[in-house]
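Visitor: I am new to this structure and would like to learn how to read it. Could we look at it together, one feature at a time?

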Amino acid sequence: MTAIQPCALLLLVGPDWRVETASANVAMLGDFKPALVVGQPLSDLIGSKAIHALRNRLAWLASDESEVQDFGEEWGGVTLDLRAIRNEDCHLIEAELAVEPRLPDGIGMVRSMSDRLSGDDPVALATQAMQQLAALTGFERILLSDREGGPIAANGGKELTPALEAAALTRLIADRDAEPVSLIGEEGSKLLSRAAYRAPCDDERAMLESLGSAAAMSMPLKIDGRFVAALHAYHSTPRRVGAERRSVARLFAERLVARMARQGFGF
């Protein structure tokens with residue numbers, strides 16, 4: 001991977017908390033030259049208060065397969081939503097410009113949405129849930145698939161096979177045709193392939209174009225840590241949903257698949 005989408009910036013930091021890779025749009029944080037950021041302490045870029053908060057959040061990472069998110073963080077006077085993952089002692093941080101204020105009660109939203117699901121048929125429950133998720137996220141097309149990518153339920157209309165590969169990793173495409181932003185520094189880290197906002201490749205763009213979609217979102221769903229299904233979303237025009245709203249959607253979808261499993265659906 002050599003580029004990221006312009007709606008997010010990417011930072012790869014090593015065990016010493018120095019920047020090993022940065023996206024060329026890092027100047028959105030201030031008067032920084034991307035080439036000079038590489039090799040510098042992350043605290044010089046985001047400030048001592050922000051680095052303290054970030055390191056506390058990264059301590060929550062339970063394993064190399066987990067991720068943490070923070071919403072509405074201030075870096076250099078810019079409000080950002082953060083996503084971070086790790087591999088051994090290195091961390092990948094994606095920071096996207098916040099598109100909406102903090103939600104008043106995300107957990108309450110999940111509980112309310114779950115309470116509105118009715119019936120004993122797992123697929124019927126999933127169809128109801130996809131309709132709610134379409135309303136929550138604003139995406140035109142929402143699809144629940146199994147772990148191989150086979151469709152289980154959608155929010156209405158003709159079923160379609162997900163354009164993106166089986167979503168064992170979070171994948172976000174805000175604008176299929178946006179100009180990619182290059183990366184500067186170390187590009188050999190395995191973490192870079194796990195960036196949710198990495199620029200779409202030619203095959204991904206062609207597949208989305210064939211579906212009439214300019215934006216897409218895919219998130220893995222787990223039961224007790226086991227990858228069992230995925231949530232996919234598509235929109236005909238460029239679209240980006242706030243990170244906290246995405247988090248609510250994912251939590252609701254994971255509660256859904258757990259309920260489906262209890263009712264006998266075989267994941």
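Visitor: At roughly what angle do the axes of helix α5 and helix α7 cross?

Guide: Two packed helices are described by the angle between their axes and the distance between the axes. Here the axes of α5 (residues 122-137) and α7 (residues 243-262) come within 10 Å and cross at roughly 175°, where axes are lines fitted to C-alpha atoms, for helices over the stretch in contact, and angles run from 0 to 180 degrees between N-to-C directions. That makes α5 roughly antiparallel to α7, a label for angles over 145 degrees. Please keep in mind that this is a predicted model, in which local features need pLDDT of at least 70 and side-chain atom pairs count only at pLDDT 80 or more, while totals for chains, interfaces and linings use all residues. Residues are numbered from 1 along each chain as its sequence is written, and side-chain values use heavy atoms, with hydrogens and water left out.

Visitor: Which residues of α5 meet α7?

Guide: Taking contact as heavy atoms within 4.5 Å, the α5 side includes L125, A129 and L133, and the residues they and their neighbours meet in α7 include V248, F252 and L256. By class, this contact has 12 nonpolar, 2 polar and 2 charged residues, with Ala, Val, Leu, Ile, Met, Phe, Trp, Tyr, Cys and Pro counted as nonpolar, Asp, Glu, Lys and Arg as charged, and the others, Gly among them, as polar.

Visitor: What is the order of the strands in the open sheet of 7 strands?

Guide: Strands of a sheet pair through backbone hydrogen bonds, either parallel or antiparallel. In this sheet the order is β1-β10-β3-β2-β6-β5-β4, with antiparallel pairing; two strands pair if DSSP finds at least two bridges between them, and both helices (H or I, at least four residues) and strands (E, at least two) are DSSP runs, numbered from the N terminus. The edge strands, β1 (3-4) and β4 (67-75), each pair on one side only. Further in, 3 bridges join β2 (residues 8-13) to β3 (residues 19-23), and L12 has T21 in β3 as its bridge partner.

Visitor: Which strands does helix α3 touch?

Guide: Helix α3 (residues 48-58) packs on the sheet and touches β4, β5 and β6, its direction making about 165° with that of β4. Helix α7 also touches β4, β5 and β6, at about 155° to the direction of β4.

Visitor: Why is strand β11 described as largely enclosed?

Guide: In β11 (residues 215-223), 8 of the 9 residues are buried (under 20% relative accessible area, with a 1.4 Å probe and protein chains only), so the strand is largely enclosed by the rest of the structure.

How values were computed. Angles under 35 degrees count as roughly parallel, over 145 as roughly antiparallel, 65 to 115 as roughly perpendicular and the rest as oblique. Buried means under 20% relative accessible area, exposed over 50%, partly exposed in between (1.4 Å probe, protein chains only).
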